[in-house]
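Thanks for coming, everyone. I'd like to walk you through one structure today. Please take a look at it first.

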Amino acid sequence: MRQQLQDAIDARNETLDRLRTEEVVRRRLNATILELRGNIRVFVREVEPAKVDYPDQGELDGGKEMAVHAPTTLSATGKERNEKHSYGFDRVFGPDATNMQVFEDCRELIQSVVDGYNVSILSYGQTGSGKTFGMSGPKGIIPCAIAMLLTEMQRLQEKGWEYRVEASFVEVYNETLNDLLGDAKTWDDNEDLTASVRPGGKRKEKHEIHHDSVTGKTTQAVQNVLDTAAKNRRVAATKANERSSRSHSVFILTLRGSCSATGESSEGVLNLVDLAGSERLKQSGAEGDRKKETQAINKSLSSLGDVIAALGSRKGDEGQSHIPYRNSKLTYLLQSSLGGTIAGKSSRTLMLLHLSPLQAHWQESRSSLLFGSKVHGTHIGTAKRK
Ligand SMILES: Nc1ncnc2c1ncn2[C@@H]1O[C@H](COP(=O)(O)OP(=O)(O)OP(=O)(O)O)[C@@H](O)[C@H]1O
């Protein structure tokens, strides 16, 4: 009897050891795959104008300026200058792509958060181009990422890992940072904003998500977090018209894991960012408060482009090159998760560009493509059209 019990214990320990070894191999493979693909990636999603509710829908003509050649190239013709531009991106989705298909291509990246990497996924594009739909809508990146991470943590529990999950949801509006959970608190300008919302920060409004075996309860907790954020964003929206389009929202999940059997631990952060509409000031004809908002958005988006481009261009001398994180609240908030290595910790960025193929939106699409090229060096060439 005693021998049988010992045999059973030995067999169990052997299985656990094997599972842990497999897990180490899986982590290494995933890290290698992502390393090969690059720490800064750009995906493009062409939007189907009929599905999207553009503010200036009434004035659209039906002409198209862009052709998407899935899976990785896109060409665009600028009628004004009679030019044809070609771009190569990491992934190009046509107008029929679903949220689920986009999420599938983000899966490995999101998975790496469990392994202790910092990851940012940023949704970029003009107002009405589907950024929020892709991020928070049905089967959008936020709900799918949460569901996937919870399942993943459950799987790792069987291999001896325990995780703690915290969620924060903040918005950056006119260069101020507001908490979208709790009481929609606004941080003072002179506070250390990053410390306030980051793990270990003094005044962070954190919301712990318990990972119980009753998945329904966990899903409900996540839904409550998202509902609270949506409600707080709506309250803010009544104060400033259409404010959600004019602010950046950042959903932050922090995963802290430890494995008592091996003594290993990890901490990964996932930032899911729904950026403000990227309209050009001239194009939008903004005046007064709206002009101020647009200027703040332009400043933070261009700072974002500068930071990611600087990260992408540095080679080998990581400690030496200057990265201008402090030029905007958004880049300051995201500084540990925008690509490259800080204090020995690797981070990864995925930019999701949303483009309208219509002639009426050519200037906006062109500036989104310029942004995408800047962060990724993806412009293949320009040719005069015959
Ligand atoms: N692929 C899609 N399929 C169906 N509906 C879509 C799709 N993309 C966007 N929409 C719809 O189009 C409208 C505008 O989309 P959404 O609010 O996501 O745009 P946005 O880029 O976030 O705009 P803003 O910058 O103003 O916040 C919404 O009603 C959304 O549900």
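Predicted model: local features only at pLDDT ≥ 70, side-chain atom pairs only at ≥ 80, totals over all residues.

The protein chain has 386 residues, and 38% of them count as buried. It contains 11 helices and 14 strands. Now the contacts. Take those with a separation of 6 or more: residues 24 or more positions apart account for 72% of them.

On to the ligand. Which residues are closest to it? They are Gly130, Lys131, Thr132, Phe133 and Ser245, out of 15 residues that surround the ligand. Two elements give two or more residues to this shell: α3, spanning 131–136, and α7, spanning 243–246. The largest share comes from α3, with three residues. By class, the shell has nine polar residues, three nonpolar and three charged.

Next, the record. An unreviewed UniProt entry carries a "binding site" annotation. That annotation covers Gly125, Gln126, Thr127, Gly128, Ser129, Gly130, Lys131 and Thr132.

Let's pick two of these. Gly125 sits in strand β6, residues 118–125. Is Gly125 buried or exposed? It is buried, because 25 other C-beta atoms lie within 10 Å, and the cut-off for buried is 20 or more. Leaving out residues up to four places away in sequence, Gly125 touches Lys131, Ser278, Leu353, His354, Leu355 and Ser368.

Then Thr127. Its place is the loop between β6 and α3. Thr127 has 19 C-beta neighbours inside 10 Å, so it counts as partly exposed.

Conventions. Residues numbered from 1 in each chain as written. Near = placed C-beta within 6 Å. Helix = DSSP H or I, 4+ residues; strand = E, 2+ residues; numbered from the N terminus. Nonpolar A, V, L, I, M, F, W, Y, C, P; charged D, E, K, R; others polar. Buried ≥ 20, exposed ≤ 12 C-beta atoms within 10 Å, placed from the backbone. Contact = placed C-beta atoms within 7 Å. UniProt positions renumbered as here; feature names shortened; annotations may be inferred.
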